[in-house]
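Me: I have a model open and would like to go through it with you. Could we begin once it is on the screen?

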Amino acid sequence: MTKKNIAIVTGASSGFGKEFVKLIHYDSKFDEVWVLARTESKLLDLVSEFGEKIKPYIIDLSDYNQIKLFINYLKEQNPNIKLLINNAGFAKFCSYDDISIDESLNMINLNINGVVAMSLGCIPFMERDSHIINVASQASFQPVPYLNIYSATKSFVKNYSQALNVELKEKGICVTAVCPGWMKTNFYSRGDIGAKKAPTHFTLMKNPEIVAKKALKDAYNNKDISVCGTFVNFCRIFAKFLPEKLIMKCWLFIQGIKE
Ligand SMILES: NC(=O)c1ccc[n+]([C@@H]2O[C@H](COP(=O)([O-])OP(=O)(O)OC[C@H]3O[C@@H](n4cnc5c(N)ncnc54)[C@H](OP(=O)(O)O)[C@@H]3O)[C@@H](O)[C@H]2O)c1
């Protein structure tokens, strides 16, 4: 039996993930687009909006047991995964002690463990000329106070993706870390918990469609990193050459947060 060529998008039910679904659903190289998230109704809305090619799979990607079930499902279906987009993730805008240990670890489980488990689970189903896009962030370039765990998880995603890309070259699989600045999505409603000290100035917010288009273009050009916009590019260069302490001070100044 011929294998189905599929794309998988995690966190597909809103924001950046949904933009990826919008851009790839009509691409004839995919027989199906598997969309993963926790909220069934929003995934079903994607089927109504984009058609039968969309296959919803309800999953909490912070839970490795659920990812193991998904990997078993892959073994049953045996698809050819042409594109995996590890996009699901969240932040909390607050100080280290404004959220519980459980919530802090849940962020790590989704933003890091979810990305690693999904990548490792999907690679055996990928052939040459396939792509993994891992969504990191501008926050991956340096430590970010009041987004401390989030920025650390995104540094992991960036470094993991770039190193994995080198290891997967011999298999013809390209891994791209996407590092967006602020984008107009639901990210803020989940992240804002009304903390006393928190980022509140979200400058130069971009439309996620523009960032997703650039990410796909960079991935298909086999780039290991995708950065969209002059400001984010500057931030990446500054982070390489300026002392981290100075960059953190600038961040706190911009956010109006006193040390
Ligand atoms: N927006 C920004 O400014 C910005 C900037 C840089 C990077 N990013 C990154 O972009 C990615 C997408 O975020 P977004 O901005 O599009 O935010 P969003 O609108 O809140 O979307 C998050 C998506 O992830 C899903 N999700 C959340 N928790 C999940 C879990 N435990 N298991 C499975 N799915 C889960 C959500 O669906 P359910 O709630 O239904 O599960 C939703 O589809 C994230 O990795 C984020 O860190 C965002």
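The conversation below covers the sheet, the helices, the ligand shell and a few single residues.

Me: What kind of model is this, and how are residues numbered?
Reply: This is a predicted model, in which local features need pLDDT of at least 70, side-chain atom pairs count only at pLDDT 80 or more, and totals for chains, interfaces and linings use all residues. Residues are numbered from 1 along each chain as its sequence is written.

Me: Which order do the strands of the sheet have?
Reply: The order is β3-β2-β1-β4-β5-β6-β7, in an open sheet of seven strands with parallel pairing. Two strands pair if DSSP finds at least two bridges between them. Strands (E, at least two residues) and helices (H or I, at least four) are DSSP runs, numbered from the N terminus.

Me: Which are the edge strands?
Reply: They are β3 (54-58) and β7 (225-226), each of which pairs on one side only.

Me: How many bridges join β2 to β3?
Reply: Five bridges join these parallel strands, and Leu 36 stands opposite Tyr 57 in β3. Together with α2, β2 and β3 make a right-handed β-α-β unit. Right-handed means that, with the strands pointing away from the viewer, the path from the first strand over the helix to the second runs clockwise.

Me: And β1 with β2?
Reply: Strand β1 (residues 5-10) and strand β2 (residues 32-37) pair in the parallel sense over five bridges. Glu 32 in β2 is the bridge partner of Ile 6.

Me: Which strands does α2 touch?
Reply: Helix α2 (residues 40-50) packs on the sheet and touches β2 and β3, and its direction makes about 180 degrees with that of β3. Contact here requires C-beta atoms, placed from the backbone, to lie within 7 Å. The axes are lines fitted to C-alpha atoms, for helices over the stretch in contact, and angles run from 0 to 180 degrees between N-to-C directions.

Me: What about α4?
Reply: Helix α4 (residues 101-122) also packs on the sheet, touching β1, β4 (80-86) and β5 (130-135), and its direction makes about 170 degrees with that of β4.

Me: Turning to β6, how many of its residues are buried?
Reply: Six of the six residues of strand β6 (residues 173-178) are buried, and the strand is mostly covered. A residue is buried if 20 or more other C-beta atoms lie within 10 Å of its own, exposed if 12 or fewer, and partly exposed in between, with C-beta atoms placed from the backbone.

Me: Which of them point which way?
Reply: Ile 173, Val 175 and Ala 177 point one way from β6, while Cys 174, Thr 176 and Val 178 point the other way.

Me: What does β6 pair with?
Reply: β5 and β6 pair in the parallel sense over six bridges, with His 131 opposite Cys 174 in β6. From β5 the chain crosses through helix α5 (residues 148-168) to β6, in a right-handed β-α-β crossover. Two bridges join β6 to β7, which run parallel, and Ser 226 in β7 is the bridge partner of Val 178.

Me: Now the ligand. Which residues come nearest?
Reply: Gly 11, Gly 15, Arg 38, Thr 39 and Gly 89 come nearest, of the 29 residues around the ligand. A residue is near a molecule or strand if its C-beta atom, placed from the backbone, lies within 6 Å of it. The elements that give two or more residues to this shell are α1 (15-24) and α6 (187-191), and α1 supplies the largest share, three residues.

Me: Why is α1 described as largely enclosed?
Reply: Helix α1 is largely enclosed by the rest of the structure because seven of its ten residues are buried. The buried residues include Phe 16, Lys 18 and Glu 19, and what covers the buried residues of α1 includes β1, β2, α2, β4, β5 and α7.

Me: Finally, Asp 129: buried or exposed?
Reply: Asp 129 counts as exposed because it has 12 other C-beta atoms within 10 Å. Asp 129 is found in the loop between α4 and β5, and its phi is near 60 degrees, a positive value in a residue other than glycine.

Methods: Two residues are in contact if their C-beta atoms, placed from the backbone, lie within 7 Å.
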